[in-house]
Amino acid sequence: MTTLRNLILATLCVATAACERDFSSAPAAQDLAFSADTLSFDTIYAGCPTPTAHLMLRNNGDDDLTISSIRLAGGASSLFSVNIGGTSSPAVENVRLAHGDSLYIFANVRDPRPSNGRALTDITDDIIAEGGGNTWRATLKAVVLNVSRVGGTIETDTQWLCDTIPYLVQDTLRIAPDARLAIGPGVSVLMQKDAAIRVEGALVMAGDVMRRSQIMPMRQDGFYEDIPGQWGQIRIATGGTASLTMTNVACATDGIAVDSAASLSADGLWLRDVSHMALAARRAKVSLTNSLITNSGGASLSLTGGQTVLTHVTIANYFTWDARRVNALSICRADSADNMRVTVVNTIVMGNHSPEVEVDSIAGGFALFRNSLVKAEKKKVEAATDVFVNCQTASDAYFADRKQRDYHLLPKSVAVGLADIEGATSAPTDFDGFSRLDSDTIQAGAFQFIMR
């Protein structure tokens, strides 16, 4: 019995020795390859947590190999940090890699600070693998964007005028009742996740045609440029006022909310890609001219009571991220005593619902649509002559390319030539800065120029 046991043990030892891997080979030039020549990071904001990216070093050879070293060229002083095969170090030695296997290398960026106050700084480094007298190299590359951090409460009149270095709101920015925040042309305000702006005093954004001001999420690159819900909302509280000229507001969760006895005026506003309601006003004063409200998961514009004037506005709600259950334009009286008044002139209300304006909910006497294109039931619009004057209905506005966010009109659009001169006189130049009054025909919506 003892002899049999010893024989079995000896056999197992021989078998184990025969299966043991041999990593004595050094890699030849063709044996190793990085999964990418360059590992590029999204734009990184100075002082903010950075994303982690990865690449792989693969053994394409027939033998198990030992790689002499894998290291960051910049060593410990590099602005990048790496984890090489589970080891967090700028360099590792004698790395074993079986044939057909890959080694993961994770990389991120330390807390870089652009030098000399510059807005942008490019940083690079290389990951170098060496063995058998051969060298393999992959480049790490990132763009660091400098930011001015803002937050808390603005107690006194303040100006943000820098159009090269964005202002970053990290939490809730509050404008106190006696304070005024003025934001100049071309200025970018970036919003972190769940960040919000609460206006109890006055917010004035004064962009122009060539340098639009903007309130945007931190992530705007590629996939993220039209993702809703990346930050909170702008809330104009009771007694607060906001004036937005040539301003983009994008990718919020709740868009702009205007509370009772607050006011919003906008000329050239583009409010887009909002998770819930884009603009909601209750017993407030709202005036929109030459403005776009596009793609929201709730109503593009929800009005409950108050005084509202829309002139040359384009509402185009083709939200695709979720099922929208309300019309693009929602109008509701707060109560029977409410002195609500809604005036819609030379405007387009369109979307992927049918209808986008519910005629039955709009009683005569407190709402008037004039020379506008609305997606609504034609017979009901024609019957409601006290509400709809010189208006047209259609299922398609024929925008140039709404999937590419181009809301200029094509020549076959019903909105071409629909607008009247009286409304155009109050908005003589369009969203792009083109004159309306120099043309024989005036287009409804935010754009005068027609795409051919």
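C391 is buried at a relative accessible area of 15%, where buried means under 20%, exposed over 50% and partly exposed in between, with a 1.4 Å probe and protein chains only. The model is predicted: local features need pLDDT of at least 70, side-chain atom pairs count only at pLDDT 80 or more, and totals for chains, interfaces and linings use all residues. Residues are numbered from 1 along each chain as its sequence is written, and side-chain values use heavy atoms, with hydrogens and water left out.

| Residue | Relative accessible area |
|---|---|
| C391 | 15% |
| C251 | 1% |
| T247 | 0% |
| I165 | 14% |

T247 sits in strand 21, which covers residues 241–250. Strands (E, at least two residues) and helices (H or I, at least four) are DSSP runs numbered from the N terminus. Apart from neighbours within four places in sequence, T247 has contacts with M205, R212, S213, G268, L269 and W270, a contact being heavy atoms within 4.5 Å.

I165 belongs to the loop between strand 13 (158–160) and strand 14 (167–175). Its C-alpha atom is 7.8 Å from that of S188, and the two residues are 23 apart along the chain.

For the chain, the secondary structure amounts to three helices and 38 strands. Of its 452 residues, 52% are buried. Among contacts with a separation of 6 or more, 57% join residues 24 or more positions apart. The C-alpha trace spans about 105 × 50 × 50 Å along its principal axes.

The largest pocket holds about 300 Å³ of space. It is lined by 13 residues, of which D226, N295, T320, R402 and K403 are the closest to its centre. A pocket is an open set of points on a 1 Å grid over the protein atoms alone, where a 1.4 Å probe fits, with protein on both sides within 12 Å along at least five of seven lines; lining residues have an atom within 4 Å of a point. The volume is the space filled by probe spheres set on the points. By class, the lining has four nonpolar, three polar and six charged residues, with Asp, Glu, Lys and Arg counted as charged, Ala, Val, Leu, Ile, Met, Phe, Trp, Tyr, Cys and Pro as nonpolar, and the others as polar.
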